[in-house]
Amino acid sequence: VILLAHETRQKALDYALSTRDVVQIVEDIAYLGPEKAMRVAIGKFEGDDKSTIAERITSIFGIKLR
């Protein structure tokens, strides 16, 4: 999750995951499971950024969200 947050801060995205977002994603993983938690996380992004984040989640976590 830290890697994903770091990448959102490095890339030209309209939204970067905050420290609070990271904590929330980790909590969501514990309660909802990884796939549902990542779907919730994608909801923070809009437009083309959603596709970019979905690709990164697939690459980092092995979770295909499309």
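1. Let's start with the salt bridges. Counting a salt bridge as a side-chain nitrogen of Lys or Arg within 4 Å of a carboxyl oxygen of Asp or Glu, this structure has three. Please keep in mind that this is a predicted model, where local features need pLDDT of at least 70 and side-chain atom pairs count only at pLDDT 80 or more, while totals for chains, interfaces and linings use all residues. Residues are numbered from 1 along each chain as its sequence is written, and side-chain values use heavy atoms, with hydrogens and water left out.

2. Helices here are DSSP runs of H or I with at least four residues, numbered from the N terminus. For exposure, buried means under 20% relative accessible area, exposed over 50%, and partly exposed in between, using a 1.4 Å probe and protein chains only. By that scale Glu 7 is buried at 15%, whereas Arg 56 is partly exposed at 21%.

3. Another salt bridge pairs Asp 21 with Lys 44, their closest N and O atoms being 3.1 Å apart. Asp 21 belongs to helix 2 and Lys 44 to the loop between helix 3 and helix 4, so this pair ties together parts that are 23 residues apart in sequence. Asp 21 is buried, with a relative accessible area of 6%, and Lys 44 is partly exposed at 33%.

4. As a general point, an α-helix has 3.6 residues a turn, so residues three or four places apart point the same way. Glu 35 is partly exposed at 40% relative accessible area, and Arg 39 is partly exposed at 41%.

5. Which residues of helix 3 are buried? In this helix (residues 34-42) they are Ala 37, Met 38, Ala 41 and Ile 42. They sit on the same side of helix 3 because they cover an arc of only 140° around the axis, taken from the directions from the helix axis to the C-beta atoms. Their cover includes helix 2 (19-32) and helix 4 (48-61).

6. Now for the core, meaning a set of buried Ala, Val, Leu, Ile, Met, Phe, Trp, Tyr and Cys residues joined through side-chain atoms within 4.5 Å. The largest nonpolar core has 16 residues, and those touching the most other members are Leu 17, Ile 25, Met 38, Ile 42, Ile 53, Ile 57 and Leu 65. Helix 1, helix 2, helix 3 and helix 4 each give two or more residues to this core. Leaving aside neighbours within four places in sequence, the contacts of Leu 65 include Met 38, Ile 42 and Ile 57, a contact being heavy atoms within 4.5 Å.

7. A last stop is Ile 29, which lies in helix 2. Ile 29 is partly exposed, at 26% relative accessibility. Not counting residues up to four places away in sequence, Ile 29 touches Val 1, Pro 34, Ala 37 and Met 38. The C-alpha atoms of Ile 29 and Phe 61 are separated by 12 Å, and these residues are 32 apart along the chain.
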